[in-house]
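Reader: Please show me the structure. Then let me ask about it piece by piece.

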Amino acid sequence: MAPEQVDAPAAPPSALAVTPEPSSAVVPVRDTINSSLAVVDPVPSVRDELAAQLGGGSSPFASIEELGDRLTGAAPVVAVIGPSGADPTQLAAVAALVNRFPMVGCILVTEQVTTSLLQQALRAGVRDVVAIHSGPAVLAEAVQRVSASVEHAIVTVTAPGGTTAPNGPGPAHGPSEGHPDAAASGPPHRGSVVTVFSPKGGSGTSVVATSLAVALAERSTRPVCIVDADLQFGDVAVLLKLAPHHTIVDAVASIDRLDAAMLESLLVTHEPSGLRVLPAPLEPAYADQVGASDLVRILGILREICDYVVVDTPSYLNDVVLSILDESDSVELVAGLDIPSVKNLKVTLQTLRLLEVPEEKLHLVLNRADSKVKLDVAEVERALHFEARSQIPSDVVVPQSVNRGEPVVTHAPRSGVAKAITALADHYVAPRASRTRRRR
Ligand SMILES: Nc1ncnc2c1ncn2[C@@H]1O[C@H](COP(=O)(O)OP(=O)(O)OP(=O)(O)O)[C@@H](O)[C@H]1O
Ligand SMILES: [Mg+2]
């Protein structure tokens, strides 16, 4: 096969296909992307299986080196590497390939996705790791995501004259280089970080954070992301009924080489709203692996990609949470109408004042504000010397929406709770005249 056969994204799939044509039931992934598609494995039957999963239109290669020999370096390529790639020598070959050809986005398909393999693969510059038994739909989604991110990276570095300079997941690249804004002459895009925090557990922080994020995602022209920074018991993925393949731990495992394209490949999309999600670790034991500086770095990269980055937090102050609060443009402080809630919030406000966190960015959200519990809103505001800018009523639609894994703003849009959270979103971005939204 001639080199240009791989490096010709505009060519019709039939020009590249030398693998068996798939059955009509399989989605032809190649038709949905602008990158060329390569399948790499020394075992012909494995190559055939991967090619069939992709629906044809891919070019087969027996080794990563053979693929490298055929590339000329001008056009985006997605390389789907078979299980033989899950080996230190092969991963070293991948690292060399992506350093030499940054427009190649590699996906490793393995028997089993373990945390340690994922870590090694991401460090080598692999964009995603998928289990071979996950099926064609999961592989297709990964190919489309990786294709979009390599195309992004190429746009980033295409000079006005049209020459393309190396860019991508090489270790020398800084955090801003993976996004188109980095190549623009002006300053990089800087989205807002909106953190939702309560110093008392069970106050409704996650309910408010997820619904606010969904409301913002439905209105914003650029992507909106929610980061679950409740590192031990985060439940954002559950509240949005998502089954994530990656979590914040995977981003931290590659923190030294993390860029916008790599971070984007770790996000899961809440399809109904287009909200991007960086989930919390799947087990509390992994929480220790995520430090304050990691969160600051991740938020910095997400700002470049997103209009809004909403952060859900645990109900305590530690160095990670304090760094997030410091990094935030706005903080929605959630409290209920009960003495412990008010007491804890008062202590929190004192701490934040001591740390010289600007008061203008703090906002009070009273949740279950209509509860008949002998404390009223005015008393709480007096005790805190703070006026509530949002009051959310108590309503059974909230636990109902939680149990359905659907945010209350879409589950019960006419409820008082949804209206209050929508009004909270109005403070950030005006409602759109039409309901068209941009998905990533
Ligand atoms: N306005 C409301 N009306 C009725 N129920 C509510 C309301 N807000 C929250 N809840 C209920 O309170 C429970 C706790 O909410 P949520 O998980 O958002 O709190 P949290 O502050 O994030 O808690 P944690 O400290 O565990 O992270 C949820 O199961 C939800 O059903
Ligand atoms: Mg929570």
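Reader: What span is expected for helix α12?
Author: This is a predicted model, in which local features need pLDDT of at least 70, side-chain atom pairs count only at pLDDT 80 or more, and totals for chains, interfaces and linings use all residues. Residues are numbered from 1 along each chain as its sequence is written, while chains are lettered from A and ligands numbered from 1 in the order in which they are written. Helix α12 covers residues 292-305, 14 residues, and reaches 21 Å from its first C-alpha to its last. The rule is 1.5 Å times one less than the number of residues, and here the expected span is 20 Å.

Reader: Which residues of α12 are buried?
Author: A residue is buried if 20 or more other C-beta atoms, placed from the backbone, lie within 10 Å of its own; 12 or fewer makes it exposed, and in between it is partly exposed. In α12 the buried ones are Leu295, Ile298, Leu299, Ile301, Leu302, Arg303, Glu304 and Ile305.

Reader: How are α14 and α15 arranged: roughly parallel or roughly antiparallel?
Author: Helix α14 (residues 339-354) and helix α15 (residues 377-384) have axes 10 Å apart, at an angle of about 30°. Angles under 35 degrees count as roughly parallel, over 145 as roughly antiparallel, 65 to 115 as roughly perpendicular and the rest as oblique. So α14 and α15 are roughly parallel.

Reader: Which residues of α15 meet α14?
Author: Contact means C-beta atoms, placed from the backbone, within 7 Å. From α14 come Val342, Leu345, Lys346 and Leu349. Their partners in α15 are Val380, Ala383 and Leu384.

Reader: Is Glu356 buried or exposed?
Author: Glu356 lies in the loop between α14 and β12. Its phi is positive, about 60°, although Glu356 is not a glycine. Within 10 Å there are 8 other C-beta atoms, so Glu356 is exposed.

Reader: What is the mean pLDDT of the chain?
Author: pLDDT is the predictor's confidence in each residue, from 0 to 100. In this chain 83% of the residues reach 70 or more, and the mean is 83.

Reader: Where does pLDDT stay under 50, with eight contacts beyond four places in sequence?
Author: Where pLDDT is low, the predicted coordinates should not be read in detail. The stretch with those eight contacts is residues 434-440.

Note on methods
Contact = placed C-beta atoms within 7 Å. Axes fitted to C-alpha atoms, helices over the stretch in contact; angles between N-to-C directions. Helix = DSSP H or I, 4+ residues; strand = E, 2+ residues; numbered from the N terminus.
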